[in-house]
Each structure stands twice: as structure tokens, then as C-alpha cells.
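Me: Please take a close look at one part of this protein for me. Keep it brisk.

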Amino acid sequence: ERRGVELLRHLRFPLMDGQYLALEIHQKSSSNSGCGGIRDCSLLKSLTTEAALWQIVPAESKHLFKLQHLSPAVLQPRRGSWRFGGSHIRHVLRGHREEVQALKICAGKLISGSVDCSMSVWDTVTCHREAQLVKHQGAVCALEVAGGRLFSGSVDKTVCVWDMTTWACLHVLVGHSKSVFVLKALDDWVLSGSDDGSIKVWQLSHLDLCDSVCA
């Protein structure tokens with residue numbers, strides 16, 4: 001019983017990521033074979049229940065759900081999460097008030113998008129923050145770079161377009177009726193995927209809406 005509770009506490013999803021959870025379960029089941037471990041039915045039931053609850057929590061409330069259900073120890077950076085041989089934490093970037101939802105690296109810059117509605121631009125060599133971008137009215141969930149511009153998708157249903165030289169917001173693309181969670185550049189288009197069940201295709205050169213595909 002005690003082992004099962006401790007295992008559940010350790011496994012609680014830092015990113016609510018299915019692949020990460022599967023890796024953790026596999027490792028724990030291997031290391032705890034013969035000790036009950038993951039074979040404990042009550043533990044499996046707890047994991048399944050938590051995963052089911054996560055699926056029905058509204059997007060704008062997911063960060064609160066995680067904060068309510070995760071222990072402070074799990075929320076801290078953990079060396080065990082680094083899967084590359086010889087990897088180590090070189091620097092911890094601090095600046096966002098709430099959790100980071102999206103990352104993008106381009107031309108020596110790391111852009112981070114957060115639930116605090118802002119984005120930060122970090123120099124990948126010095127690890128110093130060079131700019132803070134504020135325009136969205138909701139959590140920033142997706143980032144993409146194309147044509148010298150940064151695209152950011154948000155819970156506020158919009159996609160913002162930023163100049164990567166001045167970091168000024170050039171355009172706000174409107175069209176989705178729910179949160180924008182995915183952005184992808186493809187040739188001369190930028191595709192945005194939303195919780196409204198649609199994918200919108202934007203012309204990169206003119207930033208006009210070219211097409212919309214519904215699931």
C-alpha cells in the first residue's frame with residue numbers, strides 16, 4: 001500500500017504526457033518487480049482516474065488542475081527526466097510567473113510561451129532574457145518560426161505574428177472559435193490547429209486566411 005502511494009506520487013504527470021508516463025511506468029514496474037509496484041490494482045485505478053479527469057478539464061484551467069494535484073517536489077526540475085546520455089542541467093531560466101507551455105529554438109534564440117500570457121526571448125549562449133513579448137490575453141500554447149517571423153498560438157483563440165528583429169507584434173490572426181494549440185509552417189503557409197476542431201491555412205506572404213478544414 002505504502003509503496004503504491006509513493007509510486008503514484010512520483011508518477012503524477014509533470015507534463016501530462018502519455019509517452020513520458022509510459023516510460024515511467026515501464027521503469028518502475030521493472031525496478032519494483034516482486035514488490036507489488038505497478039501491479040497494484042488500486043494504483044492503476046488512481047492513475048486511470050487522474051488521466052480521465054485531465055481529459056475533461058477545460059484548457060484554460062489545466063494549469064490550475066496540475067498545481068492542485070502535483071506535489072511541489074514533482075514540479076521541480078528532475079535530473080531523471082533527462083534521457084540523453086551525459087546530459088545535465090546547465091542553467092535554469094527564470095522569468096515566467098506561471099508554467100511554460102511551449103518552446104521554440106531559432107537562430108540562437110530560445111522562445112518560451114507561458115500560461116502567464118507572455119513569451120520570453122532567451123539567448124541560448126548567455127541564457128539572458130533579451131525580450132518579453134506581451135499581447136495575448138490567454139496562455140501561450142504553440143510557437144512556430146517562418147519567414148523571419150514568430151507565430152504564437154493562444155488560449156485567447158488568436159495567432160500573433162512577431163517581427164524577430166524588433167520583436168514587435170505585426171499582426172493578430174483571428175478566425176478560430178477556441179484555443180489554438182498547434183502551429184506548423186509548410187512552404188508558403190502557416191497552419192493553425194484549434195480545439196474548435198478546425199485547421200486554418202494562412203498565406204505566409206500576405207497573412208490571409210486561405211482555407212479552413214474541419215474535423
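What is the order of the four strands in the open sheet, and how do they pair?

Reply: The model is predicted: local features need pLDDT of at least 70, side-chain atom pairs count only at pLDDT 80 or more, and totals for chains, interfaces and linings use all residues. Residues are numbered from 1 along each chain as its sequence is written, and side-chain values use heavy atoms, without hydrogens or water.

The order is S1-S2-S3-S4, with antiparallel pairing. Strands here are DSSP runs of E, at least two residues long, numbered from the N terminus. Two of them pair if DSSP finds at least two bridges between them. Strand S1 (100–106) and strand S4 (129–134) stand at the edges; each has a single partner strand, so one side of each lacks a neighbour in the sheet. From one strand to the next, the twist averages 20 degrees. That angle is taken between N-to-C directions, on a scale from 0 to 180 degrees, with axes as lines fitted to C-alpha atoms.

Strand S3 (residues 118–123) pairs with S4 in the antiparallel sense over five bridges. Met-119 has Leu-133 in S4 as its bridge partner.

S5 and S6 form it, with two residues between them. Gly-147 sits in the turn and has a positive phi of about 60 degrees. Six bridges join strand S5 (residues 140–146) to strand S6 (residues 149–154), and the two run antiparallel. Val-145 has Leu-150 in S6 as its bridge partner. Strand S5 is mostly covered: seven of its seven residues are buried. Buried means under 20% relative accessible area (1.4 Å probe, protein chains only). Across the 215 residues of the protein, 39% count as buried.

Methods. Buried means under 20% relative accessible area, exposed over 50%, partly exposed in between (1.4 Å probe, protein chains only).
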